[in-house]
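Please examine the sequence and the structure before reading each solution.

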Amino acid sequence: MRFEDREEARLNKWIRQTHRWLSMAFTAAVVVNVIAIAEKKYTNSLGLLAVVPLALQFFTGLYLFVLPCVTRRRARSSSGTAE
Ligand code: HEM
């Protein structure tokens with residue numbers, strides 16, 4: 001495996017793990033929001049607590065979404081020749 005490929009694999013793993021951790025933070029924030037609404041203690045900053053991880057999830061999620069397309073296209077263009 002080339003150096004750049006190894007670096008890219010590390011980045012991909014990091015993005016996937018970040019997406020996973022953000023999903024837990026987002027889920028916790030949604031629970032906090034629901035409780036706050038039920039107790040009529042909702043504030044805008046509590047809403048932001050959920051929106052910030054969700055926004056970050058959107059970008060890491062988009063990266064994960066296009067990843068298979070990029071990998072497939074690259075594999076096709078090198079047409080299986082070992083480098
Ligand atoms: C905001 C827009 C989001 C986009 C565009 C998005 C996109 C993706 C994509 C493309 C994958 C990879 C799927 C695969 O490899 O089969 C993924 C994985 C995942 N997503 Fe999202 N996602 C979003 C939001 C969320 C939210 C809101 C949650 C949960 C609260 C979530 C939880 C997860 C989890 C747990 C995984 C699996 C991660 C792993 O491999 O360990 N995502 N997402």
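**Exercises on a predicted model**

Lys40, which follows helix 1, has a positive phi, near 55 degrees. The model is a predicted one.

**Exercise 1.** Determine how many helices and strands the chain has, and describe helix 1.

*Solution.* Step 1: the chain contains two helices and zero strands. Step 2: helix 1 is made up of 36 residues, and its first and last C-alpha are 53 Å apart. Step 3: at 1.5 Å a residue, 52 Å is expected, and the span of helix 1 is close to that value.

**Exercise 2.** Decide whether helix 1 lies largely in the open or is buried, and state why.

*Solution.* Step 1: a residue is counted as buried if 20 or more other C-beta atoms lie within 10 Å of its own. Step 2: one of the 36 residues of helix 1 is buried, so helix 1 lies largely in the open. Step 3: in the chain, buried residues account for 2% of the 83 residues.

**Exercise 3.** Compare the radius of gyration of the chain with that of a compact globule of 83 residues.

*Solution.* Step 1: such a globule would have a value near 12 Å. Step 2: the chain has 19 Å. Step 3: the C-alpha trace spans about 65 × 20 × 15 Å along its principal axes.

**Exercise 4.** Describe the shell around the ligand.

*Solution.* Step 1: the ligand is surrounded by 13 residues, the closest being Ser23, Phe58, Gly61, Leu64 and Phe65. Step 2: helix 2 provides the largest share, seven residues. Step 3: the shell comprises six nonpolar, five polar and two charged residues.

Conventions:
Residues numbered from 1 in each chain as written. Predicted model: local features only at pLDDT ≥ 70, side-chain atom pairs only at ≥ 80, totals over all residues. Near = placed C-beta within 6 Å. Helix = DSSP H or I, 4+ residues; strand = E, 2+ residues; numbered from the N terminus. Nonpolar A, V, L, I, M, F, W, Y, C, P; charged D, E, K, R; others polar. Rg over C-alpha atoms; globule rule 2.2 N^0.38 Å. Buried ≥ 20, exposed ≤ 12 C-beta atoms within 10 Å, placed from the backbone. Expected span 1.5 Å × (residues − 1).
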